Amino acid sequence: MAGEKVHLTGAKETLLMTLYGKALESRLPHSLLGDHFADEAVRKIDYDFSRLKVDGNLGIGLAIRAKTLDVRVEDFLARNPGAIVLHLGCGLDTRIFRVDPPPGVDWFDVDYPEVIELRRRLYPSRDHYHLIASSVTEPGWLAEVPRNRPAIVVAEGLTPYLPADEGLRLVSRLVSHLASGELMFDAYSRFGLTLLRLNPTIKATGAEVHWAIDDPHELELAVPKLRFVEDISAYKPEHAARMGWSAKLFVRLWKHIPALRKVGRLLRYRF
């Protein structure tokens with residue numbers, strides 16, 4: 001049977017990078033993520049993944065980031081039965097299946113129409129799972145999301161590709177629409193964006209990065225309803241131990257040099 005053909009460019013094409021990295025990690029013995037849905041999706045897609053230059057270190061790094069966010073989502077749902085999960089720029093990520101939320105949770109995955117259509121062909125449907133086909137920066141799609149329940153908003157691998165002004169408007173709309181909840185996403189400093197632009201995988205897609213966040217409190221000033229909660233440490237020694245020597249060295253330096261910790265980090269807010 002012919003594979004699913006994809007025709008994505010720029011920032012949209014980076015979703016194939018994250019999918020492939022998670023699939024690679026999930027093939028390892030004692031995988032942290034165990035994402036068989038991602039692995040199956042890669043096998044179904046007709047695309048030359050080798051052009052993205054994703055190696056084992058990147059795959060493990062992507063899996064660590066994803067697992068860290070998964071755990072925070074699970075914790076939020078344990079504290080808030082019947083909550084909403086809003087996954088922005090979901091790409092082909094399979095968090096809905098990894099977390100496997102209880103029946104009272106409504107889960108919304110949001111991405112461009114062509115990405116959502118591809119998701120429909122690759123992944124099964126399930127109760128209380130909603131796909132919204134829209135750019136996250138378009139304001140109209142939020143009307144499909146209930147506003148009277150606690151919500152956790154997750155954006156993984158999204159914010160650097162947004163212009164800063166559009167990103168701030170998006171966050172402002174979210175906290176104005178939703179009753180209460182948390183917002184989690186990965187953010188990069190200005191130096192971090194420079195490193196992303198030099199990354200062979202990003203260069204292969206031609207994606208452009210824009211939004212740098214050097215100080216997490218910047219968002220509190222721009223969106224007063226937000227309250228910064230924590231800068232989440234994703235890299236635990238036992239996880240990084242499976243990486244190659246150069247990546248292990250970076251993780252050690254990352255732990256002890258503040259400027260490096262700001263390169264790329266996970267931020268959590270409450271509203």
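These legends walk through a few close-up views of a predicted model. Residues are numbered from 1 along each chain as its sequence is written, and side-chain values use heavy atoms, leaving out hydrogens and water. Local features need pLDDT of at least 70 and side-chain atom pairs count only at pLDDT 80 or more, while totals for chains, interfaces and linings use all residues.

**View A. Y20 and F49 form a stacked aromatic pair.** Their ring centres are 4.9 Å apart, with 15° between the planes. (Rings of Phe, Tyr and Trp, its six-membered ring, pair if their centres lie within 6.5 Å; planes under 30 degrees apart count as stacked, over 60 as edge-to-face and the rest as tilted.) The pair links distant parts of the chain, 29 residues apart: Y20 belongs to helix α1 and F49 to the loop between β2 and α3. (Helices, H or I, are DSSP runs of at least four residues and strands, E, of at least two, numbered from the N terminus.) Y20 is buried because its relative accessible area is 17%, and F49 is buried as well, at 6%. (Buried means under 20% relative accessible area, exposed over 50%, partly exposed in between, with a 1.4 Å probe and protein chains only.)

**View C. The charged end of K12 sits over the ring of Y112.** The distance to the ring centre is 4.3 Å. (This requires NZ of Lys or CZ of Arg within 6 Å of the ring centre and within 35 degrees of the ring normal.)
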